[in-house]
Amino acid sequence: MSQAHLELHEHPGEPRRGFITHVLAAGIGLLVGTVPAFAGLAFFLDPIMRKKKSGGGDGFLKMPVTLEALEINGQPQLVKIIMDRVDAWNTYLNQPVGSVYLRRTDKDKVVAFNSSCPHLGCMVDYKAADRIYFCPCHTSAFGEDGTKQNDIPPRGLDTLDVDIRNGTEVWVKFQNFRATTPDKIPVG
Ligand code: FES
């Protein structure tokens, strides 16, 4: 009797345990399936996230020269730009990425040029005697204001945004631009 009684009570319990077992199995299955899926998502998104983190700030770099160190209408100063580079998977610390000519044209105005020739990317020199920027690769020249002086380069030297901060700090938004095109198209 008691056995039958127990059975009577056990049978209704079985579907409930079965239901709980199914719910538990489904939950475990979901966890087992979802965790690697999210891990995979993080793996593939990681470079994008890193790129976002590395982007930060307003893109301006503080130059190692102050406004006072630049003579008004004097010779331009060449500053090498060293930055961390980030590709899809790796970060390369302290990589040379280009250089900038800084020239003070007024009391509180500094003009910055990317030193890369817009023809094929050679680095231009500054010839103090002629007061020009000179590209040795195909003997091209640019005026002190960056305008091209012959027909080989497709455009003048590329200007960069400059911001004078705290009265004396020179900040430059460094960018490289595509060579060979008449338009100034940022790269990287
Ligand atoms: S790379 Fe400068 S003129 Fe050709």
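**Exercise 1.** What percentage of the 188 residues in the protein chain is buried?

*Solution.* Start with the source: this is a predicted model. Next, take the chain length, 188 residues. Buried residues make up 28% of them.

**Exercise 2.** Describe the secondary structure of the protein chain, and the order of its elements.

*Solution.* Begin with the count: one helix and 11 strands. Then read from the N terminus: the order is α-β-β-β-β-β-β-β-β-β-β-β.

**Exercise 3.** Describe the accessible surface of the protein chain and the sequence range of its contacts.

*Solution.* The accessible surface is about 12300 Å². Carbon and sulfur atoms account for 59% of that surface. Now turn to contacts between residues at least 6 apart in sequence. Of these, 50% join residues at least 24 apart.

**Exercise 4.** Locate His 138, then decide: is it buried, partly exposed or exposed?

*Solution.* His 138 sits in the loop between β6 (132-135) and β7 (140-142). Second, take its relative accessible area, which is 32%. Third, apply the cut-offs: buried is under 20%, exposed is over 50%. The value of 32% lies in between, so His 138 is partly exposed.

**Exercise 5.** Which residues does His 138 contact, leaving aside its neighbours within four places in sequence?

*Solution.* His 138 then contacts His 119, Leu 120 and Ile 152. Look at the side chains next: a polar contact of 3.2 Å links His 138 with His 119. Finally, compare His 138 with Cys 122. They are 16 residues apart in sequence. Their C-alpha atoms are 9.2 Å apart in space.

Key:
Residues are numbered from 1 along each chain as its sequence is written. This is a predicted model: local features need pLDDT of at least 70, side-chain atom pairs count only at pLDDT 80 or more; totals for chains, interfaces and linings use all residues. Side-chain values use heavy atoms; hydrogens and water are left out. Helices (H or I, at least four residues) and strands (E, at least two) are DSSP runs, numbered from the N terminus. Buried means under 20% relative accessible area, exposed over 50%, partly exposed in between (1.4 Å probe, protein chains only). Contact means heavy atoms within 4.5 Å. A polar contact is a pair of N or O atoms within 3.5 Å; within protein, one must be able to donate a hydrogen and the other to accept it, and residues adjacent in sequence count only if both atoms are side-chain atoms. Accessible areas come from the Shrake-Rupley method with a 1.4 Å probe; for residues, only the protein chains shown count as cover.
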